[in-house]
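Subject: Structure handover

Hello,

Here is the structure I promised you. My notes follow below it.

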Amino acid sequence: MTATRIDGKAHAARLRARIAEQVAELKQAHDLVPGLAVVLVGEDPASQVYVASKGKQTVEAGMKSFEHRLPADATQAELLALIGRLNADAEVHGILVQLPLPGHINESEVINAIAVKKDVDGFTVANSGRLATGQRAMVPCTPLGCLMLLRDQMGDLSGKEAVVIGRSNIVGKPMASLLLGDNATVTVAHSRTKDLPEVVRRADIVVAAVGRPEMVKGDWLKPGAVVIDVGINRTEAGLVGDVDYASAVEIAAAVTPVPGGVGPMTIACLLANTLTACCRAND
Ligand code: GUN
């Protein structure tokens with residue numbers, strides 16, 4: 001039997017509609033409008049597309065969008081000064097610095113200058129630590145979107161065997177923390193893992209976030225597994241994920257497509273985090 005195609009695009013649209021309703025209520029009840037500031041340094045074409053899309057969806061949800069574009073040769077001090085102003089701006093509840101930053105910028109210093117409450121990407125050391133220790137945190141958008149899709153597909157994740165492929169700070173590690181928080185048994189696999197297919201074969205849940213086109217094959221999977229593909233790889237054949245979709249759907253119970261799976265969830269979760277940051281601003 002062919003697997004269910006997990007429709008992230010439809011799920012994200014429903015999430016955005018719920019957020020827009022809550023934004024309207026917040027405005028009516030408290031005259032409060034969530035605001036998201038996005039900082040883009042330089043002219044990276046992919047980043048420009050992401051930033052434009054974030055701005056459009058922020059406005060569509062009824063929130064304020066503040067876009068700050070700095071030239072590629074902007075200095076560390078200029079960027080830190082801008083973040084200082086955004087931290088102090090009461091109209092700004094969420095701050096996102098689009099990555100990657102130009103090579104001369106100290107990325108870690110810039111990210112960690114963002115006020116913890118406004119860190120809607122969840123990339124500061126403070127928020128990473130809070131998530132890892134089970135405290136209330138801003139959760140990185142991509143793993144949060146993956147968790148929502150998994151809960152929607154499987155219900156309770158308690159006791160499920162989960163394998164996360166990839167150990168990045170942005171996806172792999174927070175994904176593992178989130179799955180642990182939902183009581184899954186979690187393995188984090190990476191480039192040095194021995195016999196990756198054998199590790200993946202144990203998993204009820206596979207989250208692939210390695211950035212290698214179509215690496216995970218259908219015959220690696222346990223029959224009935226749920227597969228979340230975080231990969232976005234541009235190849236000559238077009239956009240493909242980290243999972244070989246055609247063979248995976250023959251074995252799995254459900255698989256996210258690329259595009260139309262995890263991708264749309266990421267921006268919807270950014271809006272959700274901005275709304276959360278606005279609601280918690282005076283905590
Ligand atoms: N660049 C690519 N994805 C992301 C993301 O989720 N957040 C930020 N800040 N930059 C990115």
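Val 206 stands opposite Val 227 in strand 8. Helices (H or I, at least four residues) and strands (E, at least two) are DSSP runs, numbered from the N terminus. Strand 7 (residues 205-208) and strand 8 (residues 226-229) run parallel and are joined by 4 bridges. Two strands pair if DSSP finds at least two bridges between them. An open sheet of 6 strands has the order 1-11-8-7-5-6, and its pairing is parallel. Strand 1 (4-5) and strand 6 (185-189) are the edge strands; each pairs on one side only. Helix 7 (residues 172-181) packs on this sheet. Helix 7 touches strand 5 (161-165), strand 6 and strand 7, and its direction makes about 170 degrees with that of strand 6. Contact here means that the C-beta atoms of two residues, placed from the backbone, lie within 7 Å. Axes are lines fitted to C-alpha atoms, for helices over the stretch in contact, and angles run from 0 to 180 degrees between N-to-C directions.

**Model and confidence**

This is a predicted model: local features need pLDDT of at least 70, side-chain atom pairs count only at pLDDT 80 or more, and totals for chains, interfaces and linings use all residues. Residues are numbered from 1 along each chain as its sequence is written. The protein chain averages a pLDDT of 97, and 100% of the residues score at least 70. pLDDT is the predictor's confidence in each residue, from 0 to 100. For the complex, the predictor gives an ipTM of 0.94 and a pTM of 0.97.

Val 38 stands opposite Glu 67 in strand 3.

**Helix 6 against helix 10**

The axes of helix 6 (residues 141-154) and helix 10 (residues 262-279) come within 8 Å and cross at roughly 110 degrees. Helix 6 is therefore roughly perpendicular to helix 10 (65 to 115 degrees; under 35 counts as roughly parallel, over 145 as roughly antiparallel, and the rest as oblique). Helix 6 contributes Cys 141, Thr 142, Leu 144, Gly 145, Cys 146, Met 148 and Leu 149 to the contact. Helix 10 contributes Val 262, Met 265, Thr 266, Ala 268, Cys 269, Leu 270 and Asn 273. By class, this contact has 10 nonpolar, 4 polar and no charged residues. Ala, Val, Leu, Ile, Met, Phe, Trp, Tyr, Cys and Pro count as nonpolar, Asp, Glu, Lys and Arg as charged, and the others, Gly among them, as polar.

**The ligand**

Leu 96, Val 97, Gln 98, Leu 99, Asp 121, Cys 141 and Thr 266 surround the ligand (C-beta atom, placed from the backbone, within 6 Å of it). This shell divides into 4 nonpolar, 2 polar and 1 charged.

**Backbone points to check**

Most residues other than glycine have a negative phi, and most peptide bonds are trans. The bond from Leu 99 to Pro 100 is cis, with omega near 0 degrees. Pro 100 is in the loop between strand 4 and helix 4 (107-111). Val 258 and Pro 259 are also joined by a cis peptide bond, with omega about 0 degrees. Pro 259 is in the loop between strand 11 (254-255) and helix 10.

Best wishes
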